[in-house]
Amino acid sequence: MNLSSLSASSASSHLLAPYGWDEGWEAEFAPYAEQGFLPGRVVRVDRGQCDVVTPVGTVRADTAFVTPHDPLRVVCTGDWAAVEPAGTPRYVRAYLPRRTAFVRSTSSKRSEGQILAANVDHAVIAVSLAAELDLGRLERFLALAWESGAQPVVVLTKADLVPDAVTLSYLLQDVQQTAPGVQVLPVSSRRGEGLDALAALLAGGTAVLLGQSGTGKSTLANALLGEDVMTVRETRDVDGKGRHTTTTRNLLALPGGGVLIDTPGLRGVGLWDAGSGVGQVFSEIEDFAARCRFHDCAHVAEPGCAVLAAVADGELSERRLESYRKLLRENQRIVAKTDARVRAELRREWKRRGAQGRAAMEMKRGRRR
Ligand SMILES: Nc1nc2c(ncn2[C@@H]2O[C@H](COP(=O)(O)OP(=O)(O)OP(=O)(O)O)[C@@H](O)[C@H]2O)c(=O)[nH]1
Ligand SMILES: [Zn+2]
């Protein structure tokens, strides 16, 4: 490395630090820096192109080189990329190995899943105190979070609606028991309570907001960002060539440090939170099931099964019963993942990887001296 590229790289570090750039990424990026590529973080991906924040500003780049057939290896929001310094179009040439990845697993066998966000440190699961706690649903969100490699954090939103301290402490306790190893924070975006604690927690990395629709994610995001960014659907941006393009950022730097990712895909994770959803979608089957002889009827071959009777009578289609079963199985698979043993294993594994990462970084640091 010569002197000018050294100062260039420390300048990059400075400008990209608010987006999560650290010594680990810098070390990973070194070979690309030597080839003259710009480091940057992907803030949005759309068909064939993406927006990347780089030391020279937000640039629009073509993703042709980072769009392989495997949908899990497609560049996504949160990736650290190597971008060509110029060109029409300029291309993203590679992205750095991901530390964590949020993947939407599909229930269909032919699809491997879809990548939703990369390099997320904290998965903030919003649970509203305005509604009755659904711990099963929370478990599914926790499973999703653990699976990504991110550390889950539960925020109990709308805490202002539970003015009674004793009630709040019971609710807190219930959630804490459901989420071992997870920090649980009551917050009120309306009153500002708990926001400083959450902001401090998120200052150390990249976060995503998960949770049911209406739990107050957008309101919380705006409170954390200190402005109404989430309602702003379109912002005008200027790319390196001075051409105007309409963009929406899915990745934003928080004023108190840290980064927030909010992509439509991640929002959609709520749709995958089946649970009561399965019951809602297949309500007529649940109605039949209520008349089965056995309370725990699996509707397979049990005597007195009202669901099978409905199929025999032509009141219920075999196909519909099949997809109901499939969704239930999918659900059970996800819930099984939150099994305490598995949870503990996952925690150990990520601790181990964290330690390995730190050790590798220490080594690199040492080498540079
Ligand atoms: N009382 C109270 N209401 C809140 C608070 N935060 C949000 N709300 C209300 O809850 C409703 C839903 O809030 P949103 O922020 O839109 O919820 P969301 O999770 O982003 O919803 P989706 O965009 O559908 O995913 C709105 O009417 C908010 O005003 C809070 O701290 N206290
Ligand atoms: Zn039955």
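Visitor: In β11, which residue is the bridge partner of histidine 122?

Guide: Alanine 207 is the partner of histidine 122 there. Keep in mind that we're looking at a predicted model. As a general idea, strands of a sheet pair through backbone hydrogen bonds, either parallel or antiparallel. Here, β8 (residues 122-128) and β11 (residues 206-210) run parallel, and four bridges join them.

Visitor: And what is the strand order of the open sheet that six strands form?

Guide: Read across, the order is β10-β9-β8-β11-β15-β14, with mixed pairing. β10 (183-186) and β14 (251-253) each have a single partner strand, so one side of each is left without a neighbour in the sheet. From one strand to the next, the twist averages 25 degrees.

Visitor: Which strands does helix α5 touch as it packs on the sheet?

Guide: Helix α5 (residues 195-202) touches β8, β9 (151-157), β10 and β11. Compare directions too: that of α5 makes about 145 degrees with that of β10.

Visitor: How is the pairing in the open sheet of five strands, parallel or antiparallel?

Guide: Antiparallel, in the order β3-β2-β1-β4-β5. At its edges you'll find β3 (57-62) and β5 (92-95), each pairing on one side only. Ignoring direction, neighbouring strands of this sheet are turned by 40 degrees against each other on average.

Visitor: How many bridges join β2 to β3?

Guide: Six, with β2 (residues 49-54) and β3 running antiparallel. For one pair to look at, take glutamine 49, which stands opposite aspartate 62 in β3.

Visitor: On to the ligand. How many residues surround ligand 1, and which are the closest?

Guide: There are 16 around it, and the closest are Ser213, Gly216, Lys217, Ser218 and Thr219. Helix α6 (residues 217-225) gives the largest share of that shell, three residues. Sorted by class, the shell has 10 polar, five charged and one nonpolar.

Visitor: Let's finish with a single residue. Is alanine 310 buried or exposed?

Guide: The way to read this is to count C-beta atoms around the residue: 20 or more others within 10 Å make it buried. Alanine 310 has 21, so it's buried. Its place is in helix α11 (residues 306-312).

Visitor: Which residues is alanine 310 in contact with, leaving aside its neighbours within four places in sequence?

Guide: Phe288, Glu315 and Leu316.

How values were computed. Residues are numbered from 1 along each chain as its sequence is written. Chains are lettered from A and ligands numbered from 1 in the order in which they are written. This is a predicted model: local features need pLDDT of at least 70, side-chain atom pairs count only at pLDDT 80 or more; totals for chains, interfaces and linings use all residues. Two strands pair if DSSP finds at least two bridges between them. Helices (H or I, at least four residues) and strands (E, at least two) are DSSP runs, numbered from the N terminus. Axes are lines fitted to C-alpha atoms, for helices over the stretch in contact, and angles run from 0 to 180 degrees between N-to-C directions. Two residues are in contact if their C-beta atoms, placed from the backbone, lie within 7 Å. A residue is near a molecule or strand if its C-beta atom, placed from the backbone, lies within 6 Å of it. Ala, Val, Leu, Ile, Met, Phe, Trp, Tyr, Cys and Pro count as nonpolar, Asp, Glu, Lys and Arg as charged, and the others, Gly among them, as polar. A residue is buried if 20 or more other C-beta atoms lie within 10 Å of its own, exposed if 12 or fewer, and partly exposed in between; C-beta atoms are placed from the backbone.
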